[in-house]
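Let's take a walk through a protein together. Have a look at the picture first, and then we'll go through it piece by piece.

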Amino acid sequence: MAPGTELADLAREAAGCDRCPLAAQRTQVVFGVGDPEADLMFVGEAPGRDEDLQGEPFVGRSGKLLDRLMQEELGVDRSRCYIANVVKCRPPDNRDPTPVEIAACRPYLEAQLQLVRPKVVVTLGNFSTRLLLETDLGITKVRGKAYPMGEWQLVPTYHPAAALRSGGVVVAEMRADLVRAKQLVGWG
Ligand code: URA
């Protein structure tokens with residue numbers, strides 16, 4: 001079966017998910033978006049208010065910055081990539097996802113990785129980086145290089161919300177991380 005069909009089936013299954021308490025408060029499950037056979041995948045943290053309402057990852061302020069950096073540093077728009085989050089439902093008041101929620105949602109992310117089979121995964125911020133790199137270290141400690149993960153490479157970078165808060169150096173470092181990802185994908 002084509003990855004697109006399997007992803008669509010999985011998204012349909014996830015739409016009714018009640019594996020964790022977030023199910024009770026969400027408007028909808030925000031499963032993922034983009035090319036089901038993308039070479040480059042982004043993994044964020046969890047949907048915010050805009051994403052919960054629209055059903056698509058990174059459509060709010062953080063997403064606008066991500067789209068801009070993608071265009072400026074990679075020369076592509078989001079349709080060439082696949083974008084997902086660690087947790088597929090919005091935590092109330094945008095609080096951090098809990099370990100229970102992350103563990104409950106993890107099989108969806110694992111399946112997305114297996115179906116899309118990207119060459120490179122850019123993790124955005126601490127939650128996706130810690131989960132996929134299996135580390136307790138923070139993003140500032142681990143970013144700046146790529147990590148071979150078997151079939152794919154992991155490029156950790158800041159969450160765009162951190163870049164919006166901090167500006168300057170953080171945005172510049174995010175740009176450098178995206179250039180690293182671009183080269184590893186073979187787009188550079
Ligand atoms: N922040 C995230 O981590 N993911 C989104 O989809 C939106 C904001």
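What follows goes from the core to the ligand, then to the salt bridges, and ends with a few single residues.

Before we start, keep in mind that this is a predicted model: local features need pLDDT of at least 70, side-chain atom pairs count only at pLDDT 80 or more, and totals for chains, interfaces and linings use all residues. Residues are numbered from 1 along each chain as its sequence is written, and side-chain values use heavy atoms, with hydrogens and water left out.

Let's begin on the inside. In soluble globular proteins, nonpolar side chains tend to be buried together. Here the largest nonpolar core has 57 residues. A nonpolar core, by the way, is a set of buried Ala, Val, Leu, Ile, Met, Phe, Trp, Tyr and Cys residues joined through side-chain atoms within 4.5 Å. "Buried" stands for under 20% relative accessible area, "exposed" for over 50%, and "partly exposed" for what lies in between, using a 1.4 Å probe and protein chains only. The core members that touch the most other members are Phe 31, Leu 40, Met 41, Phe 42, Tyr 82, Val 122 and Leu 132. Helix α4 gives the most to this core, with 9 residues. As for the names, helices (H or I, at least four residues) and strands (E, at least two) are DSSP runs, numbered from the N terminus.

Now zoom in on Tyr 82. Leaving aside neighbours within four places in sequence, its contacts (heavy atoms within 4.5 Å) include Leu 7, Phe 31, Leu 40, Met 41, Phe 42, Gln 112 and Val 116. Ala 111 is buried, at 19% relative accessible area.

Next stop, the ligand. Which residues are around it? They are Gly 44, Glu 45, Ala 46, Glu 51, Pro 57, Phe 58, Asn 85 and His 159, where being near takes a heavy atom within 4 Å. Ala 46 has a backbone N or O atom 3.0 Å from a nitrogen of the ligand. Phe 58 has a polar backbone atom 2.9 Å from a ligand oxygen, while His 159 uses a polar side-chain atom, 2.8 Å from an oxygen of the ligand. Taken alone, the ligand exposes 240 Å², and the protein buries 91% of that (areas come from the Shrake-Rupley method with a 1.4 Å probe; for residues, only the protein chains shown count as cover).

On to the charged side chains. A salt bridge is a side-chain nitrogen of Lys or Arg within 4 Å of a carboxyl oxygen of Asp or Glu, and by this rule there are 15 of them. Take the one between Glu 56 and Arg 78, with the closest N and O atoms 2.9 Å apart. Glu 56 sits in the loop between α2 (49-54) and α3 (61-74), and Arg 78 in the loop between α3 and β3 (82-85), so the pair ties together parts that are 22 residues apart in sequence. Arg 78 also meets Asp 67 in a salt bridge, at 3.0 Å from N to O. Since Asp 67 is in helix α3, this pair ties the helix to the loop between α3 and β3, 11 residues apart in sequence. Arg 78 counts as buried, at 14% relative accessibility, whereas Glu 56 is partly exposed at 25% and Asp 67 is partly exposed at 27%.

Elsewhere, Glu 151 and Arg 117 form a salt bridge at 3.0 Å, and both are exposed. Arg 68, Glu 72, Glu 73 and Arg 175 are linked in a salt-bridge network.

Finally, look at the backbone. Most residues other than glycine have a negative phi, and most peptide bonds are trans. Asn 94, however, has a positive phi near 60°; this residue is in the loop between β3 and α4 and is partly exposed at 47%. Glu 134 has a positive phi too, near 50°. Glu 134 lies in the loop between α5 (126-133) and α6 (139-142), and is exposed at 67%.

How values were computed: Polar contact = N/O pair within 3.5 Å; in protein donor to acceptor, adjacent residues only side chain to side chain.
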